[in-house]
Amino acid sequence: AIASFNQIHDFPNPGIYSHMNSEDMQVTLNEIKNERTDVIIFSLHWGDEYIHIPSLQQITLAKKLIDNGVNIIVGHHPHVVQPIERYKGGLIIYSLGNFLFGSNWSKKVRNGIAVRVGMNSNLAIDYKVIPVEMKKNFTIRVGGSEKWIRKTLKNSTERMNYMINKGEQYYESHYLTILKREKLLSR
């Protein structure tokens, strides 16, 4: 089963997407679980644009969802690649980055990932990252910038884990500093 939720409300909702709030997500998850679904995937439109790590709220929510039975979380909206994390048998892909979008002003927004996910009969998850590069003429090259993507994923994952290990207060403070530097709080 796949359920999708949107946290980015920069346009009126004409009834085409589900708002991302705890109550609606839990109701949906309970309904899916009642259907005896083998695999549950949540697609989440969330996060701050151009930031290579998720917010503490995203991390907390993702882990809560996995704790409650979601197997795979696929995040998107930041337009940059963010960490992929295994958690209690689940898989959290915080942001796929860009596949095709109207911005090509920087390498970090011209690159994204596709993720091939497989599961065995015990629901053990295996995955493979497939780099995707949007060229300046907006054509797509699968497998492009593989070295850059792997380095970005490694660095952002190490940064996220370092900040988590320093504690929630440190994470929040450092994350706000990143937002200010990227001028996202003033938008």
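E146 is partly exposed, at a relative accessible area of 38%; buried means under 20% relative accessible area, exposed over 50%, and partly exposed in between, with a 1.4 Å probe and protein chains only. E146 forms a salt bridge with R150, with 3.0 Å between the closest N and O atoms. The model is predicted, so local features need pLDDT of at least 70 and side-chain atom pairs count only at pLDDT 80 or more, while totals for chains, interfaces and linings use all residues. Residues are numbered from 1 along each chain as its sequence is written, and side-chain values use heavy atoms, with hydrogens and water left out.

**Salt bridges**

- A salt bridge is a side-chain nitrogen of Lys or Arg within 4 Å of a carboxyl oxygen of Asp or Glu, and the count by this rule is 4.
- Side chains of opposite charge can pair when their charged atoms come close.
- R150 and E146 both lie in helix 3 (residues 146-166), 4 residues apart, about one turn of the helix; helices (H or I, at least four residues) and strands (E, at least two) are DSSP runs, numbered from the N terminus.
- R150 is partly exposed, at 38% relative accessibility.
- K154 and E158 are also in helix 3, 4 residues apart, about one turn of the helix; their closest N and O atoms are 2.8 Å apart in a salt bridge.
- E158 has a relative accessible area of 43% and is partly exposed.
- K88 forms a salt bridge with D67, with the closest N and O atoms at 3.3 Å.
- This pair links distant parts of the chain, 21 residues apart: K88 is in the loop between strand 4 (84-87) and strand 5 (90-93), and D67 is in helix 2.
- K88 is exposed at 64% relative accessible area, whereas D67 is partly exposed at 44%.

**Helix 1**

- Helix 1 (residues 22-34) has 13 residues and should span 18 Å at 1.5 Å a residue, which agrees with the 18 Å between its end C-alpha atoms; the expected span is 1.5 Å times one less than the number of residues.
- M25, L29 and I32 are the buried residues of helix 1.
- Seen down the axis of helix 1, these buried residues fall within an arc of 60°, so they line one face; the arc is that of the directions from the helix axis to the C-beta atoms.
- E23 and N34 are exposed residues on the face turned away from the buried side of helix 1.
- Strand 1 (2-6), strand 2 (41-45) and helix 2 (56-67) are among the elements covering the buried residues of helix 1, where contact means heavy atoms within 4.5 Å.
- R36 follows helix 1 and has a positive phi, near 60°.

**Nonpolar cores**

- A nonpolar core is a set of buried Ala, Val, Leu, Ile, Met, Phe, Trp, Tyr and Cys residues joined through side-chain atoms within 4.5 Å.
- The largest core has 29 residues, and F42, L44 and I73 have the most contacts inside it.
- At least two residues of this core come from each of strand 1, helix 1, strand 2, helix 2, helix 3 and helix 4 (168-181).
- Helix 2 supplies the largest share of this core, 6 residues.
- A second, separate core has 11 residues, including V74, I113, I125 and I149.
- Residues touched by L44 include F5, M20, M25, L65 and I73, leaving aside those up to four places away in sequence.

**I93**

- I93 lies in strand 5 and is buried, at 1% relative accessibility.
- Leaving aside residues up to four places away in sequence, I93 touches I73, V74, G75, P83, I84 and V115.
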